[in-house]
Amino acid sequence: HMAGNRWLLRIGLRSVSSHKPAAEDLEKVVDEAMQVGPETLAEYLSPANRIAGVERLAWIDLPVLLLIGLKDRVIPVRQQLELGRMIPNCRVQNHSGRGHALCAEEPGWVWDHLQSFCLNLPSGS
């Protein structure tokens, strides 16, 4: 449990953001992160951390849009690109100036790519 380490958690969360988050947004994320136990945190931060069952993504037969912030310091970009290669019908869009929280940092960019992706889906998808 991270109790007593709010200040350390706040510093860590700021360091993974590619921009300075609003104070109230940061506190919400800190509140949620405070629920994580030490074993889970150590496993998550381990370089060997892999998503269990990731090989099943190769069976997806629907179009997929994968948005990647190339400055992501939470999930290694190489792992995200690997996921994009595993999914047969995957369209990958990279944002060179942002990191892990693309939806929060660049909602307009995300919306534009999501809308374009949906509008260009083949009939019946």
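Colleague: Which residues of H6 are buried?

Modeller: Trp109, Val110, His113 and Phe117, where buried means under 20% relative accessible area, exposed over 50% and partly exposed in between, with a 1.4 Å probe and protein chains only. This is a predicted model, where local features need pLDDT of at least 70, side-chain atom pairs count only at pLDDT 80 or more, and totals for chains, interfaces and linings use all residues. Residues are numbered from 1 along each chain as its sequence is written, and side-chain values use heavy atoms, leaving out hydrogens and water.

Colleague: What do the buried residues of H6 pack against?

Modeller: Strand E1 (64-69), strand E2 (90-95) and helix H5 (102-105), with contact meaning heavy atoms within 4.5 Å. Helices (H or I, at least four residues) and strands (E, at least two) are DSSP runs, numbered from the N terminus.

Colleague: And which residues are exposed on the other side of H6?

Modeller: Trp111 and Leu119.

Colleague: Changing topic, how many salt bridges are there?

Modeller: The count is one, taking a side-chain nitrogen of Lys or Arg within 4 Å of a carboxyl oxygen of Asp or Glu. The salt bridge joins the side chains of arginine 98 and glutamate 106, at 2.8 Å from N to O.

Colleague: Is arginine 98 buried or exposed?

Modeller: Arginine 98 is buried, at 18% relative accessible area, whereas glutamate 106 is partly exposed at 22%.

Colleague: Where is tryptophan 7?

Modeller: Tryptophan 7 sits in helix H1 (residues 6-16). Its relative accessible area is 52%, so tryptophan 7 is classed as exposed.
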